[in-house]
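Subject: Structure handover

Dear colleague,

I am passing on a structure for you to look through, and my notes come after it. Please open it first and keep it beside the text as you read.

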Amino acid sequence: MAKGYLTIVLHAHLPYVRHPEDENFLEERWFYEAITETYIPLIDTFTRLVRDNIPFRLTFSLSPTLVSMLTDPLLQQRYVRHLNKLIELAHKEESRTYGTPFHQTALMYKDKFQRAYDIFVHENDCNLVQAFKRLQDLNRLEIITCAATHGFLPLMFNRQAVRAQIETAVNVHRHHLGQVPWGIWLPECGYAPGIDDILQEYGIRYFFLDSHGLLYAYHRPRFGLYAPIYCPSGVAAFGRDIESSKQVWSATEGYPGDPDYREFYRDIGYDLDYDYIKDYIHPDGIRVHTGIKYHRITGKVDLADKQPYHPDWAANKADIHAANFMFNREKQIEYLSTMMERPPLIIAPYDAELFGHWWYEGPLWLELLIRKISSQTQNIELVSPSDYLRRFNCNQVTRPCPSTWGAAGYNQVWLNEKNHWIYRHLHMAADRMNELADLFPRAEGTLARALNQAGRELMLAQSSDWAFIMATGTMVPYAIRRTKEHIANFLRLYDEIKYCRINEEFLSHLERQNNIFPHINYRSWRTRTEPQQSAIS
């Protein structure tokens, strides 16, 4: 029996950035980049491990917005065209870099993009959710969900709005992955009392918190971060381990900052002459990342002084860092075992997009880590949260602390002087959606379509990504525009529904434009009798 357990959680999420009106919409590239650099490399990694009969168990959250985009035929077709352009560019780069220090890296990209095409088109028929489901059915991934549009639940004061986010997410998950999710990644790890009661209503058995959310619980957890607690609702909460997170996340101490790893910010989309690169950037001449990057981090030097990237050097560092991570977890488990009468559990959650997109070598590091744990130690076992709860179903009962994993640990990233204005509109819209659901309990036909579309527009406005973008100052006009557009669409639908003057042309336009969650049910917002709250003893 292992001395301790390690749960690696990868949270995969992107906001809904489908724009049928323009194939060259800049924000849609976020989705294409994540497929090429994160989702396909991770699927390839997991598939190799299965092929080599390497035992592993990871937890992977797929947000409903991401699932919707991955299964959307328009985006699938556009991604294939995007990938074909990358393959074309990689072939040009093979010739251009011949005889330079960049040639081996150019060959690496050519192979990478061709492999991505094979995985996406030939092996998965353009639907990567199928690949994740296969890994789930093989019991290698425990796939969990997230709130429907990654809405920031602690600041949703209308409980029916929270229910709608959870109910829709569970339905999307069941439709595409064939089962009710065991767990959920609360958007931004945002918890407030009462959210777990709603999770329990929908059969969700666990969620994750940042460290302080568990450590500052109503009664201090006996085992600290190294065992879950049960909320009074019966839903389990798992806390993020500080040490293992810091080794990967820290900008100053984490592995991704090593000088031999690939530099993210040097890209040929910005470096090469316009006439050469113009067919592979935005048609308006806007320079963008192509994904082809030839330099390593090098150190604390200007971007212009970065040195050539060497894939073999980076692979060697990934191997060293995987060994270091395993060694540190062994020592951590050895120490914790002296103070616990059960094997300690270490929760290591990360944004999936760190692996491959921001940290190019991340998928390789993860593969090497899994292989080392399988072959070089008997002290660590990779488990999912549900595995742990099956083995240890008796856990301390207390209520977690309101918390997030954002800067300063609470709500200030999503509620501050830059984005506070959105909430009065979101609260009003949620109340009005609740009103409509109660007013028309058995709608059919055009009325039901309009009510469902109103729910879509509200949920898209509630996405926590827009408030986050406003707070961090990146692509702010886009985030403001998306928030205002969805609220305006909702308000127009509200008036048309309430006063029986639905404009079918406008409704059909929105159904084509914002077609997320085809099976959404406006009744998710209906008022329900609240169960009696549990007391904490």
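Predicted model: local features only at pLDDT ≥ 70, side-chain atom pairs only at ≥ 80, totals over all residues.

Residues are numbered from 1 along each chain as its sequence is written, and side-chain values use heavy atoms, with hydrogens and water left out.

The pLDDT, which is the predictor's confidence in each residue on a scale from 0 to 100, averages 96 over the protein chain, and 98% of the residues score at least 70. Over residues 532-537, however, the pLDDT is below 50, and this stretch has nine contacts in the model beyond near neighbours in sequence, where a contact means heavy atoms within 4.5 Å.

The protein chain has 19 helices and nine strands; these are DSSP runs numbered from the N terminus, with helices (H or I) of at least four residues and strands (E) of at least two. Its radius of gyration is 24 Å, close to the 24 Å that the globule rule gives for 537 residues, so the protein chain is as compact as a globular protein of that length. The radius is taken over C-alpha atoms, and the rule is 2.2 Å times the number of residues to the power 0.38. Of the 537 residues, 62% count as buried, where buried means under 20% relative accessible area, exposed over 50%, and partly exposed in between (1.4 Å probe, protein chains only).

Ala34 belongs to helix H1, which covers residues 28-51, and counts as buried because its relative accessibility is 4%. Leaving aside neighbours within four places in sequence, Ala34 is in contact with Leu14 and Tyr39.

Two further residues deserve a look for their backbone angles, since most residues other than glycine have a negative phi. Asn139 is not a glycine, and yet has a positive phi of about 70 degrees; Asn139 sits in the loop between helix H5 (128-137) and strand S3 (141-146), and at 47% relative accessibility counts as partly exposed. Thr298, also a residue other than glycine, has a positive phi near 70 degrees. The loop that holds Thr298 runs between helix H11 (274-277) and helix H12 (311-337), and Thr298 counts as partly exposed, at 21% relative accessibility.

Best wishes
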